[in-house]
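Welcome, and please have the model open as you read. The report below walks through a sheet, a surface patch, a loop residue and some charged pairs.

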Amino acid sequence: MKRILLCLSWLLLLMSFTNCIDAQRTKAVPAIIFDTDMGPDYDDLGAIAVLYALEARKECKVLATLSSNGHPAIAPTIELLNRYFNRGEVPVGIAGPTAPAFTHKSGWNEALIQRFAPELRSKQYPYAVEIYRRILSQQPDRSVTIVTVGFLSNINDLLHSEPDTYSKLSGVDLVKKKVKQWVAMAADFPQGREFNVYKDTTAAYQALALWPQDVPIVFSGFDIGSRIRTGKRLAEQFPQTPIGMGYAINFSAVPEKGNGRQSWDQTAVLCAVRTPEKYFYVIGPGKIEVSKDGSNIWNPNANANHFFLVHKYPYAQIENLLEELMMYQPSAKL
């Protein structure tokens, strides 16, 4: 009997240890809220492909996909891409009424909607700030990574949000409690004036002023993605898919050099999921200071828990890595 009890004790101990390891592994997988403008440019297509390729490898979990762009074609575009990657259940939210609202002159958003999901044109979506508050309130403390590859409109709305049925916390306190880090494709370093910041200057200025200092921000600035070109292989080999078709349409409208389009947004997603230091030097801590005209400077003498990326490897090395992830083909058939 003693031997049986001893064996049972060891079995229970082993099961407890295994459950602990599994819990640690689960906890280590980044939980991602993806916030994109998905329209004025098309590297967002590459970014969402990278995101879902990494999720397919069990490197992250996508919680929500939000539009920071107020144009009515953006949310349907995001949803049809979620469906393509077999994640049609992922919540989609729209930007508030003051956000920028426009798309690329190539008309790629409308073309994808017409081809893959015309029924989504009439669908009504909740505001992104509502989804932010609902999703964040449900997650463990300091567990969520927000990655923005567009305007900071939704982040600003979240930080200004007030207690509601989802949480008794203000937006700032909810971020402080639930968010592990924010990774943003934004700004230019050590100084400059970058699209995602100046197109909604008010949101960028206020969001960065309100963001809680104990939650770090990692910036993938303009210089990072501008040196990395991707998408050509995708457009040539998979033009029948939403991602490949989107790139092909834009390459036809505005021919690109070399391997394709600059890859600003993909770098932010990569560094939101994987350790940034594997691919780039990470500079900081310091503070990004945004002026009311949308320009920015880096202040290395102030510590706001801000960091930014600097190239470490030859550009082709990161190009190849991102292109391989972008080539991921799910089993979905639209």
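## Strand β10 and its partners

Strand β10 is joined to strand β12 (residues 306-311) by 5 bridges, and the two run antiparallel. Within this pairing, isoleucine 283 has phenylalanine 308 of β12 as its bridge partner. On β11 (residues 295-299), β10 has another antiparallel neighbour, joined by 4 bridges; here glutamate 289 stands opposite isoleucine 297. Strands count as paired if DSSP finds at least two bridges between them. Strands are DSSP runs of E with at least two residues, and helices are runs of H or I with at least four, both numbered from the N terminus.

This is a predicted model, in which local features need pLDDT of at least 70 and side-chain atom pairs count only at pLDDT 80 or more, while totals for chains, interfaces and linings use all residues. Residues are numbered from 1 along each chain as its sequence is written, and side-chain values use heavy atoms, with hydrogens and water left out.

## The hairpin and the whole sheet

β10 and β11 make a hairpin with 4 residues between them, and glycine 294 in the turn has a positive phi of about 90°. Stepping back, 10 strands form an open sheet with mixed pairing, in the order β3-β2-β1-β4-β5-β7-β12-β10-β11-β6. At its edges stand β3 (92-93) and β6 (191-193); each has a single partner strand, so one side of each has no neighbour in the sheet. Strands of a sheet pair through backbone hydrogen bonds, either parallel or antiparallel.

## A nonpolar surface patch

Which residues form a nonpolar patch on the surface? They are Tyr281, Ile283 and Val310, with about 240 Å² of accessible area together. Such a patch takes residues with over 30% relative accessible area and no salt bridge, joining nonpolar side chains (Val, Leu, Ile, Met, Phe, Trp, Tyr) within 5 Å and like charges within 9 Å. The areas come from the Shrake-Rupley method with a 1.4 Å probe, and for residues only the protein chains shown count as cover.

Tyrosine 281 sits in strand β10 (residues 280-290). Its relative accessibility is 47%, so tyrosine 281 counts as partly exposed; buried means under 20%, exposed over 50%, and partly exposed in between (1.4 Å probe, protein chains only).

## Threonine 241 in its loop

Threonine 241 is found in the loop between α11 (232-237) and α12 (242-253). With 6% relative accessibility, threonine 241 counts as buried. Its side chain reaches the backbone nitrogen of glycine 244 at 3.1 Å. Beyond its neighbours within four places in sequence, threonine 241 is in contact (heavy atoms within 4.5 Å) with Tyr84, Phe116 and Gln329.

## Salt bridges

The model has 15 salt bridges, each a side-chain nitrogen of Lys or Arg within 4 Å of a carboxyl oxygen of Asp or Glu. One of them joins glutamate 79 and lysine 123 (3.0 Å, N to O). Glutamate 79 lies in helix α3 (residues 74-84) and lysine 123 in the loop between α4 (108-116) and α5 (128-138), so this pair ties together parts 44 residues apart in sequence. Glutamate 79 is buried at 6% relative accessible area, whereas lysine 123 is partly exposed at 38%.

Another salt bridge brings together arginine 233 and glutamate 324 (2.9 Å, N to O). This pair links distant parts of the chain, with arginine 233 in helix α11 and glutamate 324 in helix α14 (residues 315-326), 91 residues apart. There is also a network of salt bridges linking Asp41, Arg229, Glu256 and Arg261.

Terms used
Polar contact = N/O pair within 3.5 Å; in protein donor to acceptor, adjacent residues only side chain to side chain.
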